Amino acid sequence: MKLAPLFAALLLAWPAAAAAAFDPGPAVGSRVPPISARDLAGKPVTVAGLSDRNGVVLVFVRSAKWCPYCQKQLIDLKAAKAPLAERGYRLVALSYDSPEVLTRFAEQREIPYAFLSDTGSATIDAFKLRDPQYKPESFAYGVPVPAIFVISPRGVVQAKLAEEGYKTRPPVDVVLAAVDGLKK
């Protein structure tokens, strides 16, 4: 994959570039597993069904209910919806939160993009993103490590952004640069 100069420069500035050993989930170029999460109406979804003409930007977050870093990221990503749509990508966020929690958060914060509820963490587990620091007795058991996947309509990972710590998230310009750096 050839990177656009701006994308390469942003990656060098982004802390994740230094943490190359941290590479959760499906590899770039691989197919993603089926999605078991459901939309907020309770309907099953597929990558093809979530995709716009070029694909979907799938954002895994810990919780819209209790994680302030996730809440900030989800609010910040409002600014990415239109630019991603112009590039042919749909923006979707996935959490282990219930549909009720996600609906309430989206309505209160006027989030214009889609949410998926993965209450049993089946999709999180299929993507191999479950955060191992939380044990079954923890309220956070089943949360993913935060990660963003740019996925083609055929289910192939085109790009991935992830940070080892849960407090640092890629800014919107880095997400857009990742999409802009893809070959079309």
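Trainee: Leaving aside neighbours within four places in sequence, which residues are in contact with Ser51, and what does contact mean?
Mentor: Ser51 is in contact with Val56, Ser152 and Pro153, where contact means heavy atoms within 4.5 Å. This is a predicted model, in which local features need pLDDT of at least 70, side-chain atom pairs count only at pLDDT 80 or more, and totals for chains, interfaces and linings use all residues. Residues are numbered from 1 along each chain as its sequence is written, and side-chain values use heavy atoms, with hydrogens and water left out.

Trainee: Where does Ser51 lie, and is Ser51 buried or exposed?
Mentor: Ser51 sits in the loop between helix H2 (47–50) and strand E2 (55–60); helices (H or I, at least four residues) and strands (E, at least two) are DSSP runs, numbered from the N terminus. Its relative accessibility is 15%. Buried means under 20% relative accessible area, exposed over 50%, and partly exposed in between (1.4 Å probe, protein chains only), so Ser51 counts as buried.

Trainee: Why is Val143 called buried?
Mentor: Its relative accessible area is 0%, which is under the 20% limit. Val143 belongs to the loop between helix H6 (122–126) and strand E5 (147–151). Not counting residues up to four places away in sequence, Val143 touches several residues, including Arg62, Trp66, Tyr96 and Tyr134.

Trainee: What makes Phe105 buried?
Mentor: A relative accessible area of 3% places Phe105 in that class. Phe105 is in helix H5 (residues 99–109), and its contacts beyond four places in sequence are Ala64, Gln71, Leu74, Ile75, Ile111 and Phe115. With Gln71, the C-alpha separation is 8.6 Å across 34 residues of sequence.

Trainee: Why is helix H7 (residues 172–180) described as largely enclosed by the rest of the structure?
Mentor: The description holds because 7 of its 9 residues are buried. Those buried are Val172, Val174, Val175, Leu176, Ala177, Ala178 and Val179.

Trainee: How do you know which strands are the edge strands of the open sheet?
Mentor: The open sheet has 6 strands in the order E1-E4-E3-E2-E5-E6, with mixed pairing. Strand E1 (38–39) and strand E6 (157–162) each pair on one side only, and they are the edge strands. Two strands pair if DSSP finds at least two bridges between them.

Trainee: Which residues point which way from E4?
Mentor: Ala114 and Leu116 point one way, Phe115 and Ser117 the other, and all are buried. In a regular strand the side chains alternate between the two faces of the sheet.

Trainee: Why is the pairing of Asp23 with Lys160 called a salt bridge?
Mentor: A salt bridge is a side-chain nitrogen of Lys or Arg within 4 Å of a carboxyl oxygen of Asp or Glu. Asp23 is partly exposed at 48%, whereas Lys160 is buried at 15%.

Trainee: How many salt bridges does a search of the whole structure find?
Mentor: The search finds 5. Among them are Lys72 with Asp76 at 2.6 Å and Asp125 with Arg130 at 2.7 Å. Lys72 and Asp76 are separated by about one helical turn, because they are 4 residues apart in helix H3 (residues 68–76). Asp125, at 33%, counts as partly exposed, and Arg130 is also partly exposed, at 23%.
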